[in-house]
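This report describes the ligand site and the salt bridges of the structure shown below.

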Amino acid sequence: MRQSFVSRKACGERLACLTAYDYPTARILDEAGIDVALVGDSLGMVVLGYEDTTSVTMAEMLHHTRAVSRGVQRAVILADLPCGSYDNPAEAVGNARLLIDAGADAVKLEGGLAVIEQVRAILGEGIALFGHVGMLPQHVREDGGYRKKGKTDAEHAAILADAEALSEAGACAIIVESVKSSVGREVTELVAVPTIGIGSGGRCDGQVLVIDDLLGSFPWFRPGFARPRADLAGEALRAVGEFIVAVKQTGDPNHGID
Ligand code: KIV
């Protein structure tokens, strides 16, 4: 799989990636032609109602990965290793294997040099892996919130070193989250594999978004860089409101529909 991603970068093909957590969304993304369907641990926030991604469990990731795999025929299914599931190489390999058995084509973990032994162990088992550098949501608590990375010289250098280590270890591609756009461009120029940006400017090799930020289905929290192309929450509120009025006033759930 890595070779196909390296070739796509070499010929300048941009990658479109969105998250999916369930069968119908996965099926829509696949039919629309998405390159990568990411079963992200963002499901903790936008599906399960947790405050952040840090309490998502392997059991939850497996459940949603199975649902997504039933809806995808063509796209690459990428599944996140959740927080605490890759603290050492043996645990990382065991949990990566479970995600693959649940239907993922590749797994993703957060960090570079700090988790490079885990990365090597997973790749050593022949499991395809995507990296994730820059803002790391699984570290949001120790970081004191969601903020752009790469603004200081030390952060800038660390992001480049992490991305280079992941690329050299054999990752298929690297998610670059919430870094200054100049840093997104530099990482993209530095590494052999595609970079997939989120909130990191337009110079990465591809882009990823949380599907709810694109569809406007989770209006209670949306990162500043995400522009919705639909208002599903608004449309759902309208339909539910009409149903309530129809039932209470007429007893007919279909009242008012032609
Ligand atoms: O979990 C997720 O949705 C992600 C994206 C933000 C890249 O990792």
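A salt bridge is taken here as a side-chain nitrogen of Lys or Arg within 4 Å of a carboxyl oxygen of Asp or Glu. By this criterion the structure holds 13 salt bridges. The model is a predicted one, in which local features need pLDDT of at least 70, side-chain atom pairs count only at pLDDT 80 or more, and totals for chains, interfaces and linings use all residues. Residues are numbered from 1 along each chain as its sequence is written, and side-chain values use heavy atoms, with hydrogens and water left out.

One of the salt bridges joins the side chains of Asp35 and Arg8, with an N to O distance of 2.9 Å. Asp35 belongs to the loop between α2 (23-32) and β2 (36-39) and Arg8 to helix α1 (residues 2-10), so the pair ties together parts that are 27 residues apart in sequence. Helices (H or I, at least four residues) and strands (E, at least two) are DSSP runs, numbered from the N terminus.

| Residue | Distance to a ligand oxygen atom |
|---|---|
| Asp41 | 3.1 Å |
| Ser42 | 2.5 Å |
| Asp80 | 3.1 Å |

Taken alone, the ligand exposes 260 Å², of which the protein buries 96%; accessible areas come from the Shrake-Rupley method with a 1.4 Å probe.

How values were computed. Polar contact = N/O pair within 3.5 Å; in protein donor to acceptor, adjacent residues only side chain to side chain.
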